[in-house]
Every structure is written in C-alpha cells, then in structure tokens.
Amino acid sequence: MRATSNALDFGIQGKGFFAVDSPSGVAYTRNGSFQLTAAGRLVNGDGYPVRSATGQPITLDPGLPVDVDANGAITQSGQVLGKLAVAGLRQSSGPG
C-alpha cells in the first residue's frame with residue numbers, strides 16, 4: 001500500500017476484496033481507488049457502485065469531507081453512512 005492525496009483511496013491490509021456491483025453481478029477487486037459521481041455515489045474506476053456491508057450502494061455528500069476508520073465505516077459530519085463490504089475476511093462476532 002502507498003499513501004495518496006485522494007480521501008477516497010482505500011487499501012486492504014492482508015486478505016480481502018472490495019465488492020462492487022458490475023453489469024454481470026457482484027465483482028471483487030483489490031483496487032481501492034474510488035471516486036464519487038455527481039450524485040454522490042461511491043464508484044470504482046470503471047464506474048461500478050461500491051457495495052456496503054449491507055449490500056447496498058454507498059451514497060455520500062460530495063461537498064463534505066469523508067472519514068473512514070480501520071473497520072471500513074464511512075463517516076461524514078459525525079454520522080456513519082455505511083461500511084465498506086470486504087469479502088474474504090473472517091468476521092469477528094465480538095468486540096475487538
């Protein structure tokens with residue numbers, strides 16, 4: 001991984017893949033270079049919507065800063081708006 005100046009560039013340390021909605025169904029990628037559409041939808045470089053942990057697309061306010069924590073929770077103005085879906089990771093059932 002390497003640092004970038006894009007607040008919407010994400011990386012996965014270790015195993016796992018980001019999930020996106022492609023025309024042929026759910027696709028998985030390690031490329032976490034994302035962007036927002038004019039409507040605020042989080043998409044990958046091919047324009048495919050990035051999926052949240054609940055399976056829904058992620059929509060943000062393009063005019064507000066974005067914060068993402070180590071668990072993939074996306075926050076704007078102190079409100080969690082979604083969590084990045086990461087496939088291939090063993091999920092913990094308790095606090096960690």
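How many aromatic pairs does a search of the whole structure find? It finds 2. Rings of Phe, Tyr and Trp (its six-membered ring) pair if their centres lie within 6.5 Å; planes under 30 degrees apart are stacked, over 60 edge-to-face, and the rest tilted.

Some ground rules before the details. This is a predicted model, where local features need pLDDT of at least 70 and side-chain atom pairs count only at pLDDT 80 or more, while totals for chains, interfaces and linings use all residues. Residues are numbered from 1 along each chain as its sequence is written, and side-chain values use heavy atoms, with hydrogens and water left out.

Now the rings. Phe10 and Phe34 form a tilted pair, at 5.8 Å centre to centre and 55° between the planes. Phe10 sits in the segment before strand S1 (17-22), and Phe34 sits in the loop between S2 and strand S3 (35-36). They are 24 residues apart, so this pair links distant parts of the chain. Strands here are DSSP runs (E, at least two residues), and helices are H or I runs of at least four; both are numbered from the N terminus.

Buried or exposed, where does Phe34 fall? Phe34 is buried, with a relative accessible area of 1%. Phe10 is buried too, at 14%. The cut-offs: buried is under 20% relative accessible area, exposed is over 50%, partly exposed is in between (1.4 Å probe, protein chains only).

The other pair is Phe18 with Phe34. Their ring centres are 5.2 Å apart and their planes stand at 80°, so this one is edge-to-face. Phe18 lies in strand S1 and Phe34 in the loop between S2 and S3, so the pair ties together parts 16 residues apart in sequence. Both Phe18 and Phe34 are buried. Put together, ring pairs link Phe10, Phe18 and Phe34 into a cluster.

Next, the overall picture. The chain has 0 helices and 8 strands. From the N terminus, the elements run β-β-β-β-β-β-β-β. The chain has 96 residues, and 31% of them count as buried. The accessible surface is about 6200 Å², and carbon and sulfur atoms own 48% of that. Areas come from the Shrake-Rupley method with a 1.4 Å probe; for residues, only the protein chains shown count as cover.

Two strands pair if DSSP finds at least two bridges between them. S5 and S6 run antiparallel, joined by 2 bridges. Val68 has Ile74 as its bridge partner in S6.

Which backbone angle stands out at Ser77? Its phi is positive, about 50°, although Ser77 is not a glycine. Most residues other than glycine have a negative phi. Ser77 sits in the loop between strand S6 (73-76) and strand S7 (79-83). Ser77 is exposed, with a relative accessible area of 63%.

Last stop, the surface. Phe17, Val26 and Tyr28 make a nonpolar patch of about 300 Å². Val26 belongs to strand S2 (residues 25-29). Val26 is partly exposed, at 40% relative accessible area. Patch residues have over 30% relative accessible area and no salt bridge; like charges are joined within 9 Å, nonpolar side chains (Val, Leu, Ile, Met, Phe, Trp, Tyr) within 5 Å. A salt bridge puts a side-chain nitrogen of Lys or Arg within 4 Å of a carboxyl oxygen of Asp or Glu.
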